[in-house]
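Please read this briefing alongside the sequence and the 3D view, which are shown just below. The notes begin with the ligand and then turn to other parts of the fold.

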Amino acid sequence: MYENLNFEVKNKIAYIKINRPKALNALNSAVLDELYAVFSEASSNDEVMAIILTGEGKAFVAGADIAEMNKLTALEGKEMMAKGHAVMNFIESVNKPVIAAVNGFALGGGCELAMACDIRIASENAKFGQPEVNLGIIPGFGGTQRLPRLVGKGMGKYLIMTGEMISADEAARIGLVEKVVPAEELIGTAEKVAKTILEKAPIAITAAKSTIDIGYNLDMAAASRLEIEACAAPFSSDDRKEGMGAFLEKRQAKFNNK
Ligand code: CO8
């Protein structure tokens with residue numbers, strides 16, 4: 001049981017909803033601990049093949065909890081940042097696709113949380129931003145690194161140095177989100193994307209995720225070697241035989257996920 005989260009598993013999809021709407025789902029230490037725990041649970045549950053993360057109410061997450069942060073010494077702040085990084089890095093490393101269904105404000109630590117997910121679907125009313133400079137700090141849960149990697153260095157600096165809040169459409173235009181849909185279609189669209197991925201060979205999906213994430217931080221020569229090694233595992237799998245065999249026999253592939 002979680003105090004600040006709802007968690008359920010249905011049809012191979014784990015649904016995680018941050019449920020602290022009175023504080024716009026702000027990430028305090030307890031929420032970060034629970035996020036780590038729930039992603040561990042979803043990751044180790046064999047029934048779960050994809051994860052959808054969303055928020056209750058009008059926010060996805062409005063950032064780290066400012067009331068809690070305000071009481072921290074620099075050393076305690078550092079510990080909180082390390083905890084935030086551990087959560088974001090763990091989400092990124094989970095060997096199942098993670099889709100952020102961004103239902104409202106995704107600010108500061110909320111934008112950082114969405115960026116740690118593999119794919120971001122936003123409702124039309126969602127808002128994104130890294131407003132930390134308004135509080136006298138900079139992003140501390142990975143934003144200075146993940147944002148420029150997603151939207152480019154110039155746009156990353158623009159958003160972090162101005163603290164500007166942008167619309168879902170603008171976020172899609174700059175590559176911060178992959179799809180924008182009406183609010184009532186948000187979870188359905190995230191499910192549709194998850195189901196499309198679940199129809200593919202699971203070993204290929206896991207290999208694609210980790211090869212992209214690890215390779216992104218390597219030089220091209222090392223990244224090429226990584227891809228060659230990483231493609232070897234799915235290449236020798238039954239799913240590869242099935243996928244290619246099905247194509248050649250002009251039939252639908254039946255992977256190990258059925
Ligand atoms: N932390 C704590 N409480 C929050 C937060 C937050 N980030 N955001 C909103 N709340 C609370 C409000 O205080 C308010 O509480 P109460 O009802 O008790 O007064 C309640 O949620 C509702 O908020 P508002 O009344 O402000 O709602 P509005 O619709 O008027 O405004 C906004 C919505 C625009 C989202 C506004 O709430 C806002 O600007 N929130 C703060 C956004 C922000 O600055 N986020 C970045 C935080 S810093 C950060 O994430 C850095 C992470 C890494 C650093 C780690 C260092 C340790």
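The residues of the shell around the ligand divide into 14 nonpolar, five polar and five charged, where Ala, Val, Leu, Ile, Met, Phe, Trp, Tyr, Cys and Pro count as nonpolar, Asp, Glu, Lys and Arg as charged, and the others, Gly among them, as polar. This is a predicted model, in which local features need pLDDT of at least 70 and side-chain atom pairs count only at pLDDT 80 or more, while totals for chains, interfaces and linings use all residues. Residues are numbered from 1 along each chain as its sequence is written, and side-chain values use heavy atoms, with hydrogens and water left out.

**Around the ligand**

- Of the 24 residues around the ligand, those that come nearest are K58, A62, A64, I66 and G109; a residue is near a molecule if one of its heavy atoms lies within 4 Å of it.
- K58 places a polar side-chain atom 2.6 Å from an oxygen atom of the ligand, and a polar contact is a pair of N or O atoms within 3.5 Å.
- A backbone N or O atom of A62 lies 2.9 Å from a nitrogen atom of the ligand, whereas for A64 a backbone N or O atom lies 2.7 Å from an oxygen atom of the ligand.
- The ligand taken alone exposes 1100 Å², and the protein buries 64% of that, with accessible areas coming from the Shrake-Rupley method with a 1.4 Å probe.

**Elements that supply the shell**

- At least two residues of the shell around the ligand come from each of α2 (66–69), α3 (74–93), β6 (105–107) and α4 (109–116); helices (H or I, at least four residues) and strands (E, at least two) are DSSP runs, numbered from the N terminus.
- The largest share of this shell, three residues, is supplied by α3.

**The sheet**

- Six strands form an open sheet with mixed pairing, in the order β1-β2-β3-β5-β7-β10, and two strands pair if DSSP finds at least two bridges between them.
- Because β1 (5–10) and β10 (179–181) stand at the edges with a single partner strand each, one side of each is left without a neighbour in the sheet.
- Strand β2 (residues 13–18) pairs with strand β3 (residues 50–55) in the parallel sense over six bridges, and the bridge partner of Y15 in β3 is I52.

**A residue in helix α4**

- A114 has its place in helix α4, and it counts as buried because its relative accessibility is 0%, buried meaning under 20% relative accessible area (1.4 Å probe, protein chains only).
- The C-alpha atoms of A114 and I91 are separated by 10.0 Å, and the two residues are 23 residues apart along the chain.

Note on methods: A polar contact is a pair of N or O atoms within 3.5 Å; within protein, one must be able to donate a hydrogen and the other to accept it, and residues adjacent in sequence count only if both atoms are side-chain atoms. Buried means under 20% relative accessible area, exposed over 50%, partly exposed in between (1.4 Å probe, protein chains only).
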